[in-house]
Amino acid sequence: EDPEIASLGERVVIMGGAFGFHGHSGNVSPVAEANIAGDAQAVAGAAQAAPQNRPDPIFVSLEQFTVNLADEGGERFAQLGITLEVLDERTDKSIRAHMPSIRNSVLLLLSSKKTAELLTLEGKKQLATEIATQTGATLGWEPSAGDATVERPTPVAAVHFSHFIVQ
């Protein structure tokens, strides 16, 4: 009944067992624990899939953007509602403190796009990634701290579009 339960793990591991009631002792034979003893990978998967205590995300809304697109002739425009998802209050406060710079970088990014780039699902996903990366850079984040093999996640966990109009 809870649609969010599917997002709690990558896979579902179902293991059987039995318990007794009304005078029956359930499955207590010597092989009753064979599932656990014989499939350590399933046990490890079940343990990893267990819900973790993650903090509730924090959402930071940016004021609506209306920009001319980079199409030839300059007659096309986009109107977007953008909300940034962050995982801690420190990032939330930092975004709010840097809001004019963040809005400026998003505005410049949006105005560099062409209509064809923004109409596809892949184009929208790419734009969300670019917004997260630019917002992180404005906050002082760098993709890696000198070691190209170590990737540090951007402080923006996700970019959500509340509306996305291209005309």
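**Close-up views of a predicted model**

**Figure 1. The largest nonpolar core of the predicted model.** The largest nonpolar core holds 26 residues, and those with the most contacts inside it are I82, L84, I95, L127, I131 and V159. A nonpolar core is a set of buried Ala, Val, Leu, Ile, Met, Phe, Trp, Tyr and Cys residues joined through side-chain atoms within 4.5 Å. Two or more residues of this core come from each of β1 (58–68), β2 (77–86), α4 (99–111), α6 (121–138) and β3 (156–166). Helices (H or I, at least four residues) and strands (E, at least two) are DSSP runs, numbered from the N terminus. In soluble globular proteins, nonpolar side chains tend to be buried together. This is a predicted model, in which local features need pLDDT of at least 70 and side-chain atom pairs count only at pLDDT 80 or more, while totals for chains, interfaces and linings use all residues. Residues are numbered from 1 along each chain as its sequence is written, and side-chain values use heavy atoms, with hydrogens and water left out.

**Figure 2. The surroundings of L84.** Leaving aside residues up to four places away in sequence, L84 touches I58, F59, V60, L62, I95, I131, T135, V156, A158 and V159. Contact here means heavy atoms within 4.5 Å.

**Figure 3. D56 in its loop.** D56 lies in the loop between α2 (40–49) and β1. With a relative accessible area of 65%, D56 is exposed (buried means under 20% relative accessible area, exposed over 50%, partly exposed in between; 1.4 Å probe, protein chains only). The C-alpha atoms of D56 and V86 are separated by 9.4 Å, although the two residues are 30 residues apart along the chain.

**Figure 4. The salt bridge between D92 and R96.** The whole structure contains 3 salt bridges, each a side-chain nitrogen of Lys or Arg within 4 Å of a carboxyl oxygen of Asp or Glu. In one of them, the side chains of D92 and R96 meet at 2.7 Å, N to O. Because D92 and R96 are 4 residues apart in helix α3 (residues 89–97), about one helical turn separates them. D92 is buried at 13% relative accessibility, whereas R96 is partly exposed at 47%.

Figure 5. E117 forms a salt bridge with K113, with the closest N and O atoms 3.8 Å apart. E117 is partly exposed at 36% relative accessibility, whereas K113 is buried at 9%. K113 also meets E130 in a salt bridge (2.7 Å, N to O). This pair links distant parts of the chain, with K113 in the loop between α4 and α5 (115–119) and E130 in helix α6, 17 residues apart. Through shared partners, salt bridges join K113, E117 and E130 into one network.
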